[in-house]
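Ready for a few exercises on pockets and rings? Work through each task with the model open, then check the steps below it.

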Amino acid sequence: MHSIKKIGQNFWYITPISLTDRPILGMVVGSNKTLMIDAGNSKEHAKYFIKETLKHENLTPDMVVLTHWHWDHIFGLPAMPDTLSIASAKTRKEMEKLLPFSWSDEAIDERVREGTEIEFCAKAIKEEYQDHRDIQVVLPDVTFDRRMEIDLGGVTCVVQLVGGDHAADSVIVYVKEEKILFLGDCIYPKMYAEKVHYTMKETLRLLNELDGFDADMYIPSHQRPWTKEEFRQETNKLRIIAKYTDLCGGDKQKITIEYQNYVNRELKEDELETIAYFVNGY
């Protein structure tokens with residue numbers, strides 16, 4: 001089940017659900033305007049979050065910003081016809097490619113066979129849309145190229161295109177006064193590929209860019225929020241494994257030995273998985 005949680009004075013979020021791939025959605029409430037972060041994977045997802053977060057004010061958000069084009073972050077947009085939607089120009093371009101798609105089981109399965117859809121997402125879509133399949137892709141109202149700042153009244157959101165392996169159109173939202181960095185999926189590996197993977201160069205570039213934000217809390221879309229220390233541990237893991245991938249020429253066994261020597265303990269499942277992703281991307 002979902003729960004609604006609050007960080008600081010102005011930021012609410014809904015916890016993720018892995019079975020139907022519902023990500024975290026955020027809500028930044030200023031004295032003048034309200035900004036929602038991501039539209040969710042269905043109208044039901046979006047409506048539930050809006051109702052539970054803004055029920056005392058009986059409001060809908062004034063704006064919603066999309067962190068990237070993947071279905072679980074955009075399919076809830078039709079639930080907000082009166083909300084101004086914002087995305088990077090790259091995100092809009094990727095969303096336009098989805099317009100001709102049919103979302104029947106047969107059509108989804110065919111795209112999985114072709115390699116344009118992945119099995120994990122196909123299963124989650126079928127799970128989220130069991131009773132009906134009225135999926136409609138709504139394009140964003142406003143696009144930007146690189147960066148924009150939104151003043152909500154007493155709280156400012158910096159929306160910045162950062163890219164990354166997961167999706168080249170990935171955008172982060174930095175809530176300045178709260179020192180919260182909403183990461184979306186930017187720190188995750190590339191899923192829409194023959195093999196799930198990280199690349200060394202792109203990972204290190206992204207991490208350097210994220211380091212430019214002075215945050216105390218970090219919100220990755222499909223996990224619980226991270227403290228500054230937890231974020232540092234996560235990014236340190238990615239940096240060190242990227243380094244050993246380079247030094248060991250993508251040799252999985254050598255990378256594993258080097259990294260194990262570095263941490264001086266048995267490796268955890270997520271560390272072994274990360275090594276595999278870097279090997280795949282080498």
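**Exercise 1.** Find which residues lie nearest the centre of the largest pocket.

Solution. Start with the lining: 25 residues line the largest pocket, and Tyr188, Pro189, Met191, His222 and Gln223 lie nearest its centre. A pocket here is an open set of points on a 1 Å grid over the protein atoms alone, where a 1.4 Å probe fits, with protein on both sides within 12 Å along at least five of seven lines; lining residues have an atom within 4 Å of a point. Next, the elements: α5 (119-128), α7 (228-247) and α9 (269-281) each give two or more residues, and α9 has the largest share, four.

Before going on, note that this is a predicted model, where local features need pLDDT of at least 70 and side-chain atom pairs pLDDT 80 or more, while totals for chains, interfaces and linings use all residues. Residues are numbered from 1 along each chain as its sequence is written, and side-chain values use heavy atoms, with hydrogens and water left out.

**Exercise 2.** Work out which helix gives the most to the lining of the second largest pocket.

Solution. Of its 15 lining residues, Gln233, Glu234, Lys237, Lys268 and Glu271 are closest to the centre of the second largest pocket. Then go by element: α7, α8 (252-263) and α9 each supply at least two.

**Exercise 3.** Find what lies over the face of Trp103.

Solution. Look around the ring of Trp103: Arg111 lies over its face, at 4.6 Å from the ring centre.

Terms used
A charge sits over a ring if NZ of Lys or CZ of Arg is within 6 Å of the ring centre and within 35 degrees of the ring normal.
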